[in-house]
Structures are given as C-alpha cells and as structure tokens.
Amino acid sequence: MYIKLDTNAVINSKDIVGIFDIEKITVFKVNREYLSINEKSGKIINTTSELPKSFIVCEKNGQKHVYISKLLPRTIFKRGNP
C-alpha cells in the first residue's frame, strides 16, 4: 500500500522501517545526531515547508531515506493501515 505524505511524496508502506514523532524523539542528542548525519549525506527528503511533526525512515534495496513530514505519526500509520 502507498502512503501519501504530501503532493509530491508517496512512499510504499512495505519500505517503512519506523515512524517517529519529531518533537518527542529530538529531545535526545543521539536522535538529533542521527538526523544531522542523514542530512549531511543527502538522505533527508523534506516534504513540507510547514513545521515538521514526524520523520519516517524507509529502506528499499539497501538504500535508506528519511522523510520529514507535517503529518502526525498516527495519521501516517492510519493511512498505511486502513
């Protein structure tokens, strides 16, 4: 099943490794470093110009990408599990 994150961002639910609440998870330094490392290596795909509420880690064919989204984690989960 495909999940629409924004007008230009659609991901396959089979590729999702994890869905995280950006506000709660970035409290910890290790998580901020994880996002920073992925940003520097070009693996971050920002799907919003609004305040981000979640990030989604996806892996397909050994390639990892991190999507930044304005959607709440529970909204993304519901879209993938109707």
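Analyst: Start with the cover over helix H3. The buried residues of H3 are covered by parts that include strand E1 (2–6), E3, E5 and E6. Keep in mind that this is a predicted model.

Which residues of H3 are buried? They are Pro73, Ile76 and Gly80. Seen down the axis of H3, these buried residues fall within an arc of 65°, so they line one face of the helix. In general, an α-helix has 3.6 residues a turn, so residues three or four places apart point the same way. Turned away from the buried side is a face of H3 that carries the exposed residues Arg74 and Lys78.

Now the sheet. It is open and has 4 strands, in the order E3-E5-E6-E4, with mixed pairing. Strand E3 (16–21) and strand E4 (44–46) stand at the edges; each has a single partner strand, so one side of each lacks a neighbour in the sheet. From one strand to the next, the twist averages 20°.

Take the pairing of E5 and E6. Strand E5 (residues 54–60) and strand E6 (residues 63–69) run antiparallel, joined by 7 bridges. Ile56 has Tyr67 in E6 as its bridge partner. Val57 stands opposite Val66 in E6. Helix H3 (residues 73–80) packs on the sheet and touches E3, E5 and E6. The direction of H3 makes about 145° with that of E3.

The turn of the hairpin comes next. E5 and E6 form this hairpin with 2 residues between them. Asn61 is found in the loop between the two strands, E5 and E6. Phi of Asn61 is near 55°, a positive value in a residue other than glycine. Most residues other than glycine have a negative phi. Asn61 is exposed, with a relative accessible area of 75%.

E4 pairs with E6 in the parallel sense, over 3 bridges. Ile44 stands opposite Val66 in E6. Val66 also has Val57 opposite.

Helix H2 (residues 29–40) lies across E4, E5 and E6. H2 runs at about 110° to E6. Asn38 is found in this helix, H2. Is Asn38 buried or exposed? Asn38 counts as buried, because its relative accessibility is 5% and the cut-off for buried is under 20%. The side chain of Asn38 reaches the backbone oxygen of Tyr34 at 2.8 Å. Leaving aside neighbours within four places in sequence, Asn38 is in contact with Lys43, Ile44 and Val66. Two of these residues have already come up in the strand pairing: Ile44 stands opposite Val66 in E6.

Last, the aromatic rings. The structure holds 1 aromatic pair. The rings of Phe20 and Phe55 have their centres 5.0 Å apart and their planes at 25°, so the pair is stacked. Phe20 lies in strand E3 and Phe55 in strand E5, so the pair ties together parts that are 35 residues apart in sequence. Phe55 counts as buried, at 3%.

Terms used. Residues are numbered from 1 along each chain as its sequence is written. This is a predicted model: local features need pLDDT of at least 70, side-chain atom pairs count only at pLDDT 80 or more; totals for chains, interfaces and linings use all residues. Side-chain values use heavy atoms; hydrogens and water are left out. Two strands pair if DSSP finds at least two bridges between them. Axes are lines fitted to C-alpha atoms, for helices over the stretch in contact, and angles run from 0 to 180 degrees between N-to-C directions. Contact means heavy atoms within 4.5 Å. Buried means under 20% relative accessible area, exposed over 50%, partly exposed in between (1.4 Å probe, protein chains only). A polar contact is a pair of N or O atoms within 3.5 Å; within protein, one must be able to donate a hydrogen and the other to accept it, and residues adjacent in sequence count only if both atoms are side-chain atoms. Rings of Phe, Tyr and Trp (its six-membered ring) pair if their centres lie within 6.5 Å; planes under 30 degrees apart count as stacked, over 60 as edge-to-face and the rest as tilted. The arc is that of the directions from the helix axis to the C-beta atoms.
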